[in-house]
Amino acid sequence: MDADAKADILEGTGELVTEIVLRNRLVTDEVISVGFTADPDLVAEFPALAARKIGFHDVPLLCASEIGVPGAMPRVVRLLMHVETEKPRSALEHVYLRGAVALRLDIAQ
């Protein structure tokens, strides 16, 4: 996120959820639940609201605070999406956007 602002949190989280859905060719009926964490420096809005705004109306969503590790990358929203799919785990793409790519160079697309 560029800043701890409602618009930035909603835009960045919406972009992340959309990319995960597109890259993995998912539909919301396949999504069982989504857990979001936001770094302690992001408190202006619930990241889950972005998912609601793009159609995750009947999907259980949960927000939590990420632990504040000294020196960690600031202003990161993470998500863990549980899906029901016939695809093998190896066929699913993990999505890291913007500066968060540096968090997992081994699996970032």
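Which residue in β3 does Thr37 stand opposite? Thr37 stands opposite Arg78, and I'd like to build up the picture around that pair for you. Hello, everyone.

A word on the background before we go on. This is a predicted model, in which local features need pLDDT of at least 70 and side-chain atom pairs count only at pLDDT 80 or more, while totals for chains, interfaces and linings use all residues. Residues are numbered from 1 along each chain as its sequence is written, and side-chain values use heavy atoms, with hydrogens and water left out.

Let's begin with the overall layout. The chain has two helices and three strands, and reading along the sequence gives the pattern α-β-α-β-β. When I say helix or strand, I mean DSSP runs, numbered from the N terminus: H or I of at least four residues for helices, and E of at least two for strands.

What about the overall dimensions? Taken along the principal axes, the C-alpha atoms fill a box of roughly 40 × 30 × 20 Å. The radius of gyration is 14 Å, which agrees with the value near 13 Å that a compact globule of 109 residues would have. That radius is taken over C-alpha atoms, and the globule rule is 2.2 Å times the number of residues to the power 0.38.

Now for the surface and the inside. The accessible surface comes to about 6,700 Å², and 57% of that belongs to carbon and sulfur atoms; such areas come from the Shrake-Rupley method with a 1.4 Å probe, and for residues only the protein chains shown count as cover. Buried residues make up 32% of the 109 in the chain. Here, buried means under 20% relative accessible area, exposed means over 50%, and partly exposed is in between, with a 1.4 Å probe and protein chains only.

How does the chain connect with itself? Take the contacts between residues at least 6 apart in sequence: 82% of them join residues at least 24 apart. A contact means heavy atoms within 4.5 Å.

Charges next. There are 11 positive and 17 negative charges, and their mean positions are 1 Å apart. Lys and Arg count as positive and Asp and Glu as negative, while His and the chain ends are not counted. Each charge is placed at NZ of Lys, CZ of Arg, CG of Asp or CD of Glu.

Let's go back to the strands, and to β1, which covers residues 31–38. Is β1 largely enclosed or open? Six of its eight residues are buried, so β1 is largely enclosed by the rest of the structure. On one side, β1 pairs with β3, residues 77–83, in the antiparallel sense over seven bridges; two strands pair if DSSP finds at least two bridges between them. β1 also runs parallel to β2, residues 61–65, and five bridges join these two. Ala38, for instance, has Ser65 in β2 as its bridge partner.

Now a tour of some individual residues, starting with helix α1. Leu22 lies in that helix and is exposed, with a relative accessible area of 55%. Glu93 is 71 residues away from Leu22 along the chain, yet their C-alpha atoms are separated by 9.9 Å. Arg23 is found in helix α1 too, and at 25% relative accessibility it counts as partly exposed.

On to backbone angles. Most residues other than glycine have a negative phi. Arg25, however, has a positive phi of about 50° without being a glycine. Arg25 sits in the loop between α1 (6–23) and β1, and its 70% relative accessibility makes it exposed. Arg75 likewise has a positive phi of about 50°. Arg75 belongs to the loop between β2 and β3 and is partly exposed, at 29%.

In that loop between β2 and β3 we also find Pro74, partly exposed at 43% relative accessibility. Which residues does Pro74 touch, not counting those up to four places away in sequence? Pro74 touches Asp39 and Asp41. From Pro74 to Asp2 is 72 residues in sequence, but 9.5 Å in space, C-alpha to C-alpha.

Finally, Arg89 is in the segment after β3, exposed at 73%. Arg89 and Arg78 are 11 residues apart in sequence and 19 Å apart, C-alpha to C-alpha. That brings us back to Arg78, opposite Thr37.
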